[in-house]
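Hi everyone, and thanks for coming along. Let me put the model on the screen, and then we can walk around it together.

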2 protein chains.
Amino acid sequence: MARPKPISGFPEFLPAGRMVETRVLDIISSTAELHGLASVETRAVEPLEQLTRKGEIDKEIYVVRRLHAEASDVDQLALHFDLTVPFARYVLENSGHLHFPFRRYQVQKSWRGERPQEGRYREFTQADFDIVGSGTLALHHDAELPLVALEAFGRMHQDLGLPPVLMRLGNRKLAQGFYAGLGIDDPSAVLQRVDKLDKIGPDGVATLLREQLGMDDAQVSAALALARIRSNDLSFADEVAALGIENALLTEGIEEVSSVLEAVSSQFPGQIAADLRIARGLDYYTGTVYETEMVGFESIGSVSGGGRYDALASDGKNTYPGVGLTIGVTRILAPLIGRGHLSANRSVPSCVLVAVDTDDTRTTADDVARRLRARGIACEVAPKADKYGKQIRHAERRGIPFVWFGTSVKDIRTGEQQEADPDVWAPPADDLRPGITTTW
Amino acid sequence: MARPKPISGFPEFLPAGRMVETRVLDIISSTAELHGLASVETRAVEPLEQLTRKGEIDKEIYVVRRLHAEASDVDQLALHFDLTVPFARYVLENSGHLHFPFRRYQVQKSWRGERPQEGRYREFTQADFDIVGSGTLALHHDAELPLVALEAFGRMHQDLGLPPVLMRLGNRKLAQGFYAGLGIDDPSAVLQRVDKLDKIGPDGVATLLREQLGMDDAQVSAALALARIRSNDLSFADEVAALGIENALLTEGIEEVSSVLEAVSSQFPGQIAADLRIARGLDYYTGTVYETEMVGFESIGSVSGGGRYDALASDGKNTYPGVGLTIGVTRILAPLIGRGHLSANRSVPSCVLVAVDTDDTRTTADDVARRLRARGIACEVAPKADKYGKQIRHAERRGIPFVWFGTSVKDIRTGEQQEADPDVWAPPADDLRPGITTTW
């Protein structure tokens with residue numbers, strides 16, 4: 001078999017890169033659990049007709065079938081393209097067994113047959129946080145998920161050295177109310193075009209609004225003025241008021257943004273801002289919307305987004321409103337690891353290599369390893385009773401900091417060697433697990 | 001949307017069941033890391049022709065294609081059906097970046113289009129441990145993976161209450177050498193038939209050996225005698241010797257079993273036995289083979305198996321021998337959780353529900369929650385400022401043991417309430433995380 005080549009759009013990491021990823025996933029999971037979110041995992045496949053209900057992204061779906069499918073196999077299955085659709089199905093399927101508001105996190109891969117490029121993959125890992133009510137869901141939950149995400153990003157920054165983030169907060173009601181107050185019949189059509197500001201700039205958006213929607217200069221100017229409003233305090237509300245539009249939905253939207261912004265910025269000052277340009281493309285958002293960028297790495301795109309949807313799912317009798325937020329794990333890590341910004345200081349979990357004198361005394365080394373492991377110290381026993389210099393190089397190549405010789409242990413970075421008892425000795429706390437290294 | 005139904009063969013857990021699974025996966029991962037195995041994750045898909053090279057299980061493969069695939073999409077992709085084939089490909093693809101012997105663990109889902117039944121699923125999670133050498137791999141590694149697996153199973157038994165396990169050890173060289181010594185031309189053909197002992201019994205196997213392979217009574221009787229040999233000490237070697245067969249490969253096999261059995265049983269006495277019937281179906285095993293059953297739950301089948309393969313992969317220049325062992329996570333948990341044997345004592349990670357006095361003082365409750373979380377105590381804030389009795393029932397339904405009221409905390413199981421400071425108070429260690437409950 002010749003050396004296989006990677007498949008474009010299906011990123012994989014070498015062990016040191018994977019260590020970065022497992023640390024990030026640990027932070028995400030443990031933070032979610034601190035906030036009382038329960039882990040859920042759903043199957044990789046859904047019935048095809050469920051995934052194509054929205055009709056928009058069916059081109060990107062991967063269909064799954066048995067190689068020798070029989071005529072009796074009527075179910076068409078496909079890989080999920082996000083974690084929201086499977087979760088909505090899970091909530092409906094299990095609603096009788098769940099307690100609402102139901103709080104869950106879910107870390108899994110999704111698949112989309114899109115053209116691969118940096119930041120966009122055919123297979124990618126996402127971490128989703130959602131809170132779902134039965135019938136109703138109070139607004140204060142909209143502030144909870146940014147707290148989970150910003151706490152997780154904060155630990156990634158402090159513990160692993162990832163870039164800091166800035167979360168932007170918008171609101172569909174605010175934007176729709178504003179456009180309705182401007183006398184525009186189809187606020188959604190305006191939202192869709194203003195959403196292109198980043199790609200085509202204000203002049204481009206102005207042209208679309210004029211030519212495609214027939215908006216007049218005053219309307220276009222007001223729409224662009226709204227999209228320019230940003231603040232990390234409540235002053236955004238005054239700026240909206242200064243535009244002179246009155247509308248009940250607009251007022252409700254302003255109150256929602258104010259409430260979420262106040263609750264989140266009191267714990268994460270400077271890390272969340274109202275940004276009234278944010279609308280997000282997907283139709284199902286009905287109130288709060290979030291987007292998040294890594295400071296200095298804005299070109300990667302939004303690393304975390306989501307929002308409020310008044311009907312995540314409905315079974316006819318009951319409607320389940322929810323608020324959700326996704327962290328794009330692969331979108332963050334594949335570029336940062338791929339460009340060499342993030343790695344680990346060893347390629348193995350082992351903190352200690354236990355050297356072997358002769359093949360006859362391997363059991364002595366095995367016993368040292370057993371005693372270290374019993375105390376939570378990861379280690380491995382040298383594969384061969386080579387000369388000590390060769391065993392040290394074996395450790396060096398893997399980044400293992402300590403080599404155990406008989407009754408002593410050596411820090412091979414400093415050369416310092418000390419007598420040690422495997423039932424007592426412990427490495428410095430920083431050496432116990434592999435450290436994440438950053439190069440910017 | 002009507003209530004969706006489960007898809008047969010694609011098991012999913014409710015949150016309490018998923019808690020059991022995450023605890024099992026934590027034990028597996030942390031045990032593997034203590035033994036110096038690095039985490040690897042591979043993509044879900046492989047080129048179809050790689051998966052069908054062996055030609056045997058192609059019927060069970062799930063092919064993946066874009067819903068609107070274009071004529072230019074020449075690559076046929078399929079979901080992997082185990083973690084060994086993707087890992088072999090990963091080793092070849094990255095051999096220049098890996099250090100050998102390369103030690104890795106991998107916990108992922110695989111997919112097979114088999115007819116679903118208890119213990120056999122179309123989507124299932126496996127945990128694989130492998131050690132792979134470049135060119136050669138010493139025999140002592142064959143004893144390492146049983147140590148990892150038995151340590152993980154031991155923690156599942158002690159910490160979570162899962163059943164104990166018994167690992168059985170066989171060896172292809174021993175069996176092949178024995179049959180060759182019996183004067184049989186095609187030892188593999190005998191192995192395949194003796195492998196059916198569990199299904200068709202000794203008389204059935206004897207008939208096959210006589211009728212299909214033309215073996216005489218003495219040969220059949222010797223083959224069945226070998227298959228009956230079991231011991232958890234080195235006495236199996238004497239029993240083999242008593243059968244009077246001489247063969248160099250047989251001798252080598254006996255030495256290998258003795259060596260592995262001695263190393264493993266010194267650490268896990270009574271949990272591993274030589275069982276010369278064990279051969280395992282797959283062709284690529286060339287020496288040591290393992291199988292593992294849960295004591296009292298033998299009907300589930302082998303929950304962990306594997307063995308030595310002298311050529312996991314080869315790129316023409318280099319051959320990579322390996323030894324591997326798999327834990328069938330879904331095979332263990334789906335029946336035990338499904339039958340109600342395993343669950344968790346709460347359906348949420350939260351240890352504390354922080355009660356809310358009035359909606360105006362929600363920020364006070366948020367602040368208590370923040371301070372508890374900062375000290376690693378999972379909590380959630382009550383969704384509504386209901387009467388206290390209702391907030392307590394909210395906690396009860398979820399199994400949350402503590403409710404925080406203002407400046408005191410109440411254990412709602414005992415009714416005991418005490419003054420508490422969120423910067424100081426800690427729950428009993430057993431209450432910090434959800435406990436796993438067992439019902440046999």
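A word on naming before we start: helices are DSSP runs of H or I with at least four residues, strands are DSSP runs of E with at least two, and both are numbered from the N terminus. And please keep in mind that this is a predicted model.

With that naming in hand, look at P101(B), which lies in the loop between helix 3 (84-94) and strand 5 of chain B. Is the peptide bond from F100(B) to P101(B) cis or trans? It is cis, with omega near -5°. As a reminder, most peptide bonds are trans. Over in chain A, the bond from F100(A) to P101(A) is cis as well, with omega near -5°, and P101(A) sits in the loop that runs between helix 3 (84-94) and strand 5 (102-111) of chain A.

In general, two copies of a chain are related by a rotation about an axis and a shift along it. The same surface serves both copies, as 100% of the contact residues of chain A recur in chain B.

For the rest of the talk, let's stay in chain B and begin with the nine-stranded sheet. This sheet is open, its pairing is mixed, and its order in chain B is 1-5-6-12-11-10-7-9-8. The edges belong to strand 1 (38-39) and strand 8 (230-231) of chain B; each has a single partner strand, so one side of each is left without a neighbour in the sheet. If you want a pair to find on the screen, V107(B) has A127(B) as its bridge partner in strand 6 of chain B. Helix 1 (residues 15-34) of chain B packs on this sheet and touches strand 5, strand 6 and strand 12 (319-328) of chain B. The direction of helix 1 makes about 160° with that of strand 5 of chain B.

Now for the other sheet I wanted to show. It is an open sheet of five strands in chain B, in the order 15-14-16-17-18, again with mixed pairing. Strand 15 (379-381) and strand 18 of chain B are the edge strands, each with a single partner strand, so one side of each has no neighbour in the sheet. On average, and ignoring direction, neighbouring strands of this sheet are turned by 25° against each other. Helix 12 (residues 362-374) of chain B packs on this sheet, touching strand 14 (352-354), strand 15 and strand 16 of chain B, and its direction makes about 175° with that of strand 15 of chain B.

Strand 16 (residues 402-405) and strand 17 (residues 408-411) of chain B are antiparallel, with four bridges, and F402(B) stands opposite D411(B). The two strands form a hairpin with two residues between them, and G406(B) in the turn has a positive phi of about 55°. Next, strand 17 joins strand 18 (residues 417-419) of chain B through three bridges, also antiparallel. Five residues lie between strands 17 and 18 of chain B in this hairpin, where G415(B) in the turn has a positive phi of about 85°. For context, most residues other than glycine have a negative phi.

Let me finish with a helix pair. How far apart are the axes of helix 5 (residues 172-181) and helix 8 (residues 217-227) of chain B? They are 11 Å apart, and the helices pack at an angle of about 160°. Helix 5 and helix 8 of chain B are therefore roughly antiparallel to each other, and their crossing is right-handed. L174(B), A175(B), F178(B) and Y179(B) from helix 5 meet A222(B), A223(B) and L226(B) from helix 8. Those contact residues divide into seven nonpolar, no polar and no charged.

Thanks, everyone!

How values were computed
Residues are numbered from 1 along each chain as its sequence is written. Chains are lettered from A and ligands numbered from 1 in the order in which they are written. This is a predicted model: local features need pLDDT of at least 70, side-chain atom pairs count only at pLDDT 80 or more; totals for chains, interfaces and linings use all residues. Side-chain values use heavy atoms; hydrogens and water are left out. Contact means heavy atoms within 4.5 Å. Axes are lines fitted to C-alpha atoms, for helices over the stretch in contact, and angles run from 0 to 180 degrees between N-to-C directions. Angles under 35 degrees count as roughly parallel, over 145 as roughly antiparallel, 65 to 115 as roughly perpendicular and the rest as oblique. A crossing is left-handed if the near helix is turned anticlockwise from the far one by less than a right angle, and right-handed if clockwise. Ala, Val, Leu, Ile, Met, Phe, Trp, Tyr, Cys and Pro count as nonpolar, Asp, Glu, Lys and Arg as charged, and the others, Gly among them, as polar. Two strands pair if DSSP finds at least two bridges between them.
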